[in-house]
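This report looks at aromatic rings, nonpolar packing and strand pairing in a single protein chain. The sequence and structure come first, and the description follows.

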Amino acid sequence: MKTLQTTFFLFVFVPLVNSAPPIQQESLQFFEYDTDVTMGSLIQQDYEMQSKDLQKDGTNVSLDTSLRLQGDDSERNVPPTKDTNLPTCLLCVCLSGSVYCEEIDIEAVPPLPKETAYLYARFNKIKRIAVSDFADITTLRRIDFSGNRIEEIEDGAFSKLLLLEELSLAENRLIKLPVLPPKLTTFNANQNRIKSRGIKANAFKKLTNLAYLYLGHNALESVPLNLPESLRILHLQYNNITTITDDTFCKSNNTRYIRTRMDEIRMEGNPILLAKHVNAFSCLRTLPVGTYY
């Protein structure tokens, strides 16, 4: 009887136990969304799915082509970036008072929005700057024309820019300087063709905020006159400076005079022996960088 009960138990319950699926722990994958590995795997899966779908349809299209087909057809009609007939803010990038017109081969200053405060027009083909270029733009604070072909700047071109603080004309073809606006703090005319006769005697005298003056790699024969007291950095390296006087930086009639703000003067690469002009640096806290022997 017991044998019969045991046989009946095994016959009824064992199949039920075997048919129940084993408890499986769900495998979870945690992705860090800022890693390239996870995104790469997801993108690869998407590519494979698209490829299979295309193959099912009997269409032999590469993955790159299939992705391009999903793009906006309007992209094919984007106008060329070097079309200089476009409005300024289509030709350039206008953003929060800043206009970026860099490396687009423009040959003249484009018409600017009246609220422009910062203009970056580096590495173009601009040859001339006229008074009319900034006649109505009185909000400018910074202009960068580095790396153009500027040969001429009309004297009144910057006269109305009373807020202008930074001006760069580096890497151009200037032989003389224009009249500069009064509130400049930084002026860069490195790597031009400027000679001493191209700088007026009082060109910097009234620039009482000027702290950084860069005139390196030009053709100056002497240090510019009447440098303002505000000047901190002066670069004159690699010119043709052959003369210097006791009044160039100091005051020969005042032995107690000290230029307290002047931190750096660079004059290396000039055909002048600075050791012969020791009195010219008596008012400086540090000697200019250059040749002394």
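## Aromatic rings, core and sheet

In this predicted model, phenylalanine 145 is buried, with a relative accessible area of 0%, and phenylalanine 134 is likewise buried, at 1%.

| Residue | Relative accessible area |
|---|---|
| Phe134 | 1% |
| Phe145 | 0% |

Four aromatic pairs are found in a search of the whole structure. In one of them, the ring centres of phenylalanine 134 and phenylalanine 145 lie 6.3 Å apart with their planes at 45 degrees, so the pair counts as tilted. This pair links distant parts of the chain, since phenylalanine 134 belongs to the loop between strand 4 (128-129) and strand 5 (142-144), while phenylalanine 145 belongs to the loop between strand 5 and strand 6 (152-153), eleven residues apart. Ring pairs also bring Phe158 into a cluster with Phe134 and Phe145.

The largest nonpolar core comprises 58 residues, and those with the most contacts inside it include Phe134, Phe145 and Phe187.

Leucine 167 stands opposite phenylalanine 187 in strand 8, and three bridges join strand 7 (residues 166-168) to strand 8 (residues 186-188), the two running parallel. An open sheet of nine strands has the order 1-2-3-5-7-8-9-10-11, with mixed pairing. Strand 1 (93-95) and strand 11 (264-266) stand at its edges with a single partner strand each, so one side of each is left without a neighbour in the sheet.

Methods. Residues numbered from 1 in each chain as written. Predicted model: local features only at pLDDT ≥ 70, side-chain atom pairs only at ≥ 80, totals over all residues. Heavy atoms only, no water. Phe/Tyr/Trp six-rings, centres within 6.5 Å; stacked < 30°, edge-to-face > 60°. Helix = DSSP H or I, 4+ residues; strand = E, 2+ residues; numbered from the N terminus. Buried < 20%, exposed > 50% of the residue type's maximum accessible area, 1.4 Å probe, protein only. Core = buried A, V, L, I, M, F, W, Y, C linked by side-chain atoms within 4.5 Å. Pairing = 2+ DSSP bridges.
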